[in-house]
Amino acid sequence: MTPAKANGRDGLAGRPDLAAIAAWVRPQASVLDLGCGDGLLLRHLAETRGARGYGVEVEDEKVIASVANGVNVIQADLERGLWGFDDGSFDYVLLSLTLQAVRHTEAIILEMLRVGREAIVTFPNFGHWHARWQVALGGRMPVSDTLPYQWYDTPNVHLCTIRDFERFCAGHGIRILERLVLHGGRPVGWLPNLRGSLAVFRFERRAH
Amino acid sequence: MSPNTRPQPSSVGPVVARRLRFDAPLRCRSGGTLAAYDLVYETYGRPNAARSNAVLVCHALNASHHVAGYYADDPHNAGWWDNMIGPGKPVDTDRFFVIGVNNPGSCFGSTGPMSTDPATGKPYGSTFPLMTCEDWVEVQARLADRLGIRRFAAVMGGSLGAMQALQWTISYPERIANAIVVAATPKLTAQNIAFNEVARRAIVTDPDFHGGDFYLHGVKPKRGLRLARMIGHITYLSDDAMMEKFGRVLRSGSIGYHFDVDFEVESYLRHQSDKFAEYFDANTYLLITRALDYFDPAHAHGGDLSAALAGASARFLVVSFTSDWRFSPARSREIVKALIDNRRDVAYAEIDAPHGHDAFLLDDARYHAVVRAYFGNVARAVGADGSGVAVELPGEPLARRAASDALAGGFAA
């Protein structure tokens, strides 16, 4: 296997959600990246923000790629909880483009806020007009750049819209600190739940 | 390096073991002392000018310094981790200078219970000091001194060997850049100790044991050793792996209604244990299982493993195997957790392999890919770039093959 290109910045090309995360993370922060894939986000955060941390990944090939990229990767299944990480032990817990593919979505978000002081998630917005269009008028499950699967082979089991996620937060004592909605790599300001295909949220547990 | 330019992995070829004398006394944690001792070791690859590319491989219960390659007069006797170490292999001897050493107390050439005590002119036997992982690591550091190695690029091992790698990060944090800790545990469970105790009882209750001084009687407690090996061997394999390998197959094809060998698995265990009892030393078995029992770096810190590892500065690769019920993944996770608590660099792979504890010796593609990827970064970090130079190694070359039958068996946990 050839390790992915060494330069973290190049490694994030084509992943605007990761670039957004990188922009939000404070310098020298401690970071836990759930579903870290080949580890390039962590590597990028280390190189550009001086951030240190760990990635969690379940798939063998991605663990191997993360090791090759010199990342602290812990092979574990998110669905079984975050063993090894104490309460409030990280500045940020990240989950990029994975939320929609996990089974225990609610438990994982709460686990992120147990371990991290703040959490950052990115997910494809099912409320994007194109998705709505395909369901409403085409009568078919949406397929797009951010949702590139057919209904029968998709790993996505918990798709949601921006409005769904915000309602979830309101109902779970979660305060949203920052929101960025993107389409085609560009921010969307007006009618984000209709015009945005990718959502990025930073949030924390509301004080009791 | 892309796959088409990487040379095919191959054997390091014929190797020569060396015996090196140490005259400074070793004061063991048990209170005993070895006034002087020999270590037998082998090396593969070449050190670079800075000697920054050295990798120490620590052995487990019944393995030795013969880690890779083969002996010219015994070409079928491959080293016990030959699939891991060699040119183009996960630990690439074209870049790293790899060292295997037989720990004192073992029975493959280094000073052990069957060696002659110069003070009495008789075998040490029951008077050989109990040794611990701390003692072995101290001895290995002295070997490093003699080889001119200030800091190891990596210390690696599986099972008991992994405990030594872990101990290195505690005993000599400034002398180890990376620890590769495979199929490990930070301490034995009560069940682990119980299995070891059954094995030891089998040996010491053998009428040929003579309190450990059987050498003087010209006998060996082979019955005890066989039983010890049988019980140990069962713990190295998974239920599934044994079922896969033997099932309920009968030797003669039908049930014999007797208490002799009827099932294949019985035949296998007897054969393996017979071989083992021929080459292995009973006192060594007692000593090494005790070293396993006593290993518990957290003990001195009120049971707090994170505190025990607070002084460690190495980077870690920890690997466990899902079907290992002897040292299960949960034990490796304790190590990983303690390292995360200390914000140490650690990568952890939990390999879904069916073979049980012995998986660490086997050629699993994912396992080897992880180790290969990790050592690729180690090589870049320490300047292991293939610029090794030929050096004169200290110690007397051993012309004869060392305990060759011993090492052909395979299972080295």
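This is a predicted model: local features need pLDDT of at least 70, side-chain atom pairs count only at pLDDT 80 or more; totals for chains, interfaces and linings use all residues.
**A friendly note on chains A and B**

1. Across the interface of chain A and chain B, the rule finds three salt bridges.

2. Polar contacts join the two chains as well. Between chain A and chain B there are twelve residue pairs in polar contact, with both residues at pLDDT 80 or more. Which elements of chain A supply at least two residues each to the side that touches chain B? They are β2 (52-57), α4 (60-68) and β3 (73-75). The largest share of that side, five residues, comes from α4(A).

3. Now for the extent of the interface. The size of an interface is often given as the accessible area lost when the parts come together. Here the area buried between chain A and chain B is about 2000 Å², and carbon and sulfur atoms give 52% of it. Three residues deserve a look: Tyr54(A), Val67(A) and Trp83(A) supply 26% of the area that chain A buries against chain B, more than any other three residues. Counted by contacts, 21 residues of chain A meet 23 residues of chain B.

4. Elsewhere on chain A, you can find a nonpolar patch on the surface. Val135(A), Met141(A), Trp151(A) and Tyr152(A) form this patch, and together they have about 500 Å² of accessible area. Tyr152(A) sits in the loop between α6 (129-136) and α7 (162-171) of chain A. Is Tyr152(A) buried or exposed? Tyr152(A) counts as exposed because its relative accessibility is 58%, and the cut-off for exposed is over 50%.

5. In chain B, have a look at Thr132(B), in the loop between β10 (122-123) and α1 (133-146). Thr132(B) has 11% relative accessibility, so this residue counts as buried. Its side chain makes a polar contact of 3.2 Å with the side chain of Glu134(B). Leaving out residues up to four places away in sequence, Thr132(B) touches Arg29(B) and Ala291(B).

6. With a relative accessible area of 38%, Ala310(B) is partly exposed. Beyond its neighbours within four places in sequence, Ala310(B) is in contact with Asn342(B) and Arg344(B). Ala310(B) and Ala194(B), by C-alpha atoms, are 30 Å apart in space and 116 residues apart in sequence.

Note on methods: Residues are numbered from 1 along each chain as its sequence is written. Chains are lettered from A and ligands numbered from 1 in the order in which they are written. Side-chain values use heavy atoms; hydrogens and water are left out. Patches are made of residues with over 30% relative accessible area and no salt bridge: like charges are joined within 9 Å, nonpolar side chains (Val, Leu, Ile, Met, Phe, Trp, Tyr) within 5 Å. Accessible areas come from the Shrake-Rupley method with a 1.4 Å probe; for residues, only the protein chains shown count as cover. A salt bridge is a side-chain nitrogen of Lys or Arg within 4 Å of a carboxyl oxygen of Asp or Glu. Helices (H or I, at least four residues) and strands (E, at least two) are DSSP runs, numbered from the N terminus. Buried means under 20% relative accessible area, exposed over 50%, partly exposed in between (1.4 Å probe, protein chains only). Contact means heavy atoms within 4.5 Å. Buried area is the accessible area (1.4 Å probe) that two parts lose on being put together, summed over both. A polar contact is a pair of N or O atoms within 3.5 Å; within protein, one must be able to donate a hydrogen and the other to accept it, and residues adjacent in sequence count only if both atoms are side-chain atoms.
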